[in-house]
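Have the sequence and the 3D view open as you read.

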Amino acid sequence: MASPVAAQARKLLRDLALRPPLLAARSQAVQLTPRRWLNLQEYQSKKLMSDNGVKVQRFFVADSAKEALEAAKRLNAKEIVLKAQILAGGRGKGVFSSGLKGGVHLTKDPQVVGQLAKQMIGYNLATKQTPKEGVKVNKVMVAEALDISRETYLAILMDRSCNGPVLVGSPQGGVDIEEVAASNPELIFKEEIDIIEGIKDSQAQRMAENLGFLGPLKNQAADQIKKLYNLFLKIDATQVEVNPFGETPEGQVVCFDAKINFDDNAEFRQKDIFAMDDKSENEPIENEAAKYDLKYIGLDGNIACFVNGAGLAMATCDIIFLNGGKPANFLDLGGGVKEAQVYQAFKLLTADPKVEAILVNIFGGIVNCAIIANGITKACRELQLKVPLVVRLEVAAHSAGPRKMLRLYPRSAEKSSVVVVFCSLWERRVGALEPTISHC
C-alpha cells in the first residue's frame, strides 16, 4: 500500500496538472524552439561546401541594405536571388513585420535587391516554423540565380542498422523525400559505405547513374558525391542532405540547397565549426543553460523537470503526460554534474513564470547524490523557493548523506511558504528494493 506521504506527493503533482485554465489566466505560454544540436545558417553550410570543392551558387552575405546592393552589383549575374537568413523553413511564404511578403525574392535589378533588403534586415520574419511573432532577420544572402533543368535528391547519413555511413538518393528531388519513399519506394537508392575503406568510385558512379545523370554529367555528379562524402567525414557530420542536387541547362551539377547536421560530441575537435553557431534565435534561457553545460529544452507545461540522463528525462516527461500533467521543460543534468550546475539549474527553472512545481528525479548510479542534495539545499535557501518541490533520489543503502542534507533544509526554512516533499529515496537491500519515505 502506498504511504500517505507518497500519496501526498502524487496528489500535489496531479492537482497542478489539472489546473491549465488557471495557468493560462495567469501567464501567457511561451513558445520555445527545441534546440540541442548545432544549426548553421544556409550561407554557412554553403561556405563549408564551397571551401571543400562542392559546387554551389556564387553568393555574398550582407547585414545592411547598402551591403546587399553592393553584393548584387559584384555578382554581375543575369538573375539574383535574395534570401533572408533564419534557421526556420518556409521562408518563401513568410511575412515580415515590415509588411513585405516572402523571405525569398528573384530579380534582375541590383537596385531592387537593395530595396528588398531594407524591408528584410532588422525586421521579424514569421513562417509556419517560427513563433507567431517571427524571428528577427540580421543577415541576407545575395546569390546568383541558376536555372534548374532537373532536380534529384542526395543524402549522406549515419545509419545505425548499417553500422556506418549510407548514401541515399532519388531521381525525384525538390520534393519531400518521405513522400517519395511512401509512394514510389523503387525510386529510393542506397549505397552502404565502409567507413574504413571510404567511398569507392564504383559506388559514386552507380549512385550518379541511379539519379539519372548521363554522359559527362555522370562523372561530374560522381565527383561531387565523393567530395560531399569527404566533407561529411571531415566535419563530423551525422547527415548531409542536398535537395535539390540538380543540373543546369548549361551542363553543371550544383548543390542548390543543403542541410548539415553535426555530431555534438565532436565539438572538441570541430571548434571552428561550432564557433559559427548562431545563438541569436535561441531563447535566452537556452543560451544561459548552455553556459553551464545543461541540456535544456523549453516546453509549455507547468511542472518543471530536473533529471539526470536523457532517457530518464524523456521518461519523466512521459510519466507526467500519462498522469494528465504537462512538463515545463526537458532538463538533462548529465552524469558529471557539479553542485554549481545544480544551483544554476534551479535558478533557470524558478525564473520560468509558468513553473508551478518542480519534480527532481535523480538516478544515483551515474551521479553522486550528495552533490545533488547540496545543490538543492543551497538553491532553496538562496533563491527563496516559492513553489512545491518533489525530490526523488535513488541511492545506495550506505548513502545516508543526501537524506540528512535534505532533512536539514526545512528546519531552517519553517516560515517559508515552500512546500517540500522528499520521497522515494531508495535503499538497495538484499532480495528486494524497499522505498524509504521522508516527509519534511
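Where is the place of Asp257? Look in the loop between strand S12 (253–255) and strand S13 (258–262); strands are DSSP runs (E, at least two residues) and helices are too (H or I, at least four), numbered from the N terminus.

## Ground rules

This is a predicted model, where local features need pLDDT of at least 70 and side-chain atom pairs count only at pLDDT 80 or more, while totals for chains, interfaces and linings use all residues. Residues are numbered from 1 along each chain as its sequence is written, and side-chain values use heavy atoms, leaving out hydrogens and water.

## The annotated pair

An unreviewed UniProt entry puts its "binding site" annotation on Asn243 and Asp257; such annotations may be inferred rather than shown by experiment, and the positions follow the numbering used here, with feature names shortened.

Asn243 sits in strand S11 (residues 237–247). Its relative accessible area is 22% and that of Asp257 is 26%, so both count as partly exposed (buried is under 20%, exposed over 50%, partly exposed in between; 1.4 Å probe, protein chains only).

Asn243 touches Asp257, and also residues including Thr152, Tyr153 and Gly174 (contact means heavy atoms within 4.5 Å). Among the other contacts of Asp257 are Glu42 and Lys46.

## Helix H8

H8 (residues 216–234) has 19 residues. Its buried residues include Leu217, Ala221, Leu228 and Phe232. Helix H3 (42–51), S11 and S12 are among the elements covering the buried residues of H8. After H8 comes Asp236, with a positive phi near 55°.

Terms used:
The expected span of a helix is 1.5 Å times one less than its number of residues. Lists of a residue's contacts leave out its neighbours within four places in sequence.
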